[in-house]
Amino acid sequence: MDGVAAYQAHNADCVIGFGGGAALDVAKVVGLAATHPGDILEYVWDHPQVRPIVNALPHFVAMPTTSGTGSEVGRSSVVSENDTHLKRVVFSPKILARIVFADPELTVGLPPAITAATGIDALTHNIESYLSPAWHPLCDGIALEGARIAAAALVTAVKEPGNLQARSDMMMASMMGAIAFQKDLGAVHSCAHALGAVCDLHHGLANALMIDTVMAWNLSSAPAKFEELAHVCAVAGGGQGFAAWLRALKRSVGITGTLSSHGVKPEHLARLVEVATADICHQTNPRPCTAADFEALFKAAM
Ligand SMILES: [Zn+2]
């Protein structure tokens, strides 16, 4: 709302979003709230009296400085409620950026830990959208190629921060993941949304801490797709080796430890399960995921 006040005080006609996914998402809703009445949370898709987006939005230019969410090519904005920290989503093609400057040089200063966590987020988007049983061959093609590019580039991007080819590949994989996940995501993201809301974990790190556990659990529900993912990511051992490959990848980009070593405590578990189960992403997980399943997955990742 401070952004809206600044927009109006300057009689502006344009919003430039510059930063990571959260910054770009804020920029999207500044433009929306500056031209529409009411609170921004009244525009989230599942609000009981969701307000329509009817007015023209300001010209929106996106300049990502991370390679993770791909928000610069996404038609959604994720905003957290102040009191509950729950993540709510505004969906509309109208909030898409009109112009994107996807410049990998803007990411060379990212610290290794953020490169790793955001990069795993991009990889997770490609993997989860490909595994979603929804029918969308266009997104499947993009997701597989996005996974291939991210799998090949992530370690280099972390270890050689100035390597522009690796930075460029990760920025592309990030955009491809965001385009692919129009199809939808899966249970890793439901867990990550809960970990963000309940324990304030970084979104990419939360995905990284869950992905191998969830993928090992998913394997039996989509064996052919895991074979294909293992093929494009050059995983030795095929689909059966995919979860172990993810664990090794995390180690090589410096993401170590478990949920508990990142501050998640047993007393958080009930709320984590509640938030993850209520999250929409797992509805397109290849394996149906109940509250009991989420409890088992969180415990396994502790
Ligand atoms: Zn994500």
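User: How many of the five residues of strand E3 (residues 76–80) are buried?

Analyst: Keep in mind that this is a predicted model, where local features need pLDDT of at least 70, side-chain atom pairs count only at pLDDT 80 or more, and totals for chains, interfaces and linings use all residues. Numbering starts from 1 along each chain as its sequence is written. Buried means 20 or more other C-beta atoms (placed from the backbone) within 10 Å of a residue's own, exposed means 12 or fewer, and partly exposed is in between. E3 is largely enclosed by the rest of the structure, because the number of its five residues that are buried is four.

User: Which strand does E3 pair with?

Analyst: Strands here are DSSP runs of E, at least two residues long, and helices are runs of H or I, at least four long, numbered from the N terminus. Pairing takes at least two DSSP bridges. E3 has five, in the antiparallel sense, and one of them links Ser80 to Lys87. Six residues sit between the two strands of this hairpin, with His85 in the turn at a positive phi of about 65 degrees, and the partner is E4 (residues 87–91).

User: Why do E1 and E5 each have a side without a neighbour in the sheet?

Analyst: The open sheet runs E1-E2-E5, with parallel pairing. E1 (14–19) and E5 (99–100) stand at its edges, so one side of each lacks a neighbour, as each has a single partner strand.

User: What angle does helix H2 make with E1?

Analyst: Two bridges join E2 (residues 59–64) to E5. H2 (residues 21–34) packs on this sheet and touches E1 and E2. Axes are lines fitted to C-alpha atoms (for helices, over the stretch in contact), with angles from 0 to 180 degrees between N-to-C directions.

User: How are H4 and H5 oriented to each other?

Analyst: The axes of H4 (residues 137–159) and H5 (residues 164–180) come within 8 Å and cross at roughly 150 degrees. Angles under 35 degrees count as roughly parallel, over 145 as roughly antiparallel, 65 to 115 as roughly perpendicular and the rest as oblique. H4 and H5 are therefore roughly antiparallel.

User: Is Asn11 buried or exposed?

Analyst: Asn11 is in the loop between helix H1 (2–9) and E1. Its phi is positive, near 50 degrees, whereas most residues other than glycine have a negative phi. With 6 other C-beta atoms within 10 Å, Asn11 is exposed.

How values were computed:
Contact = placed C-beta atoms within 7 Å.
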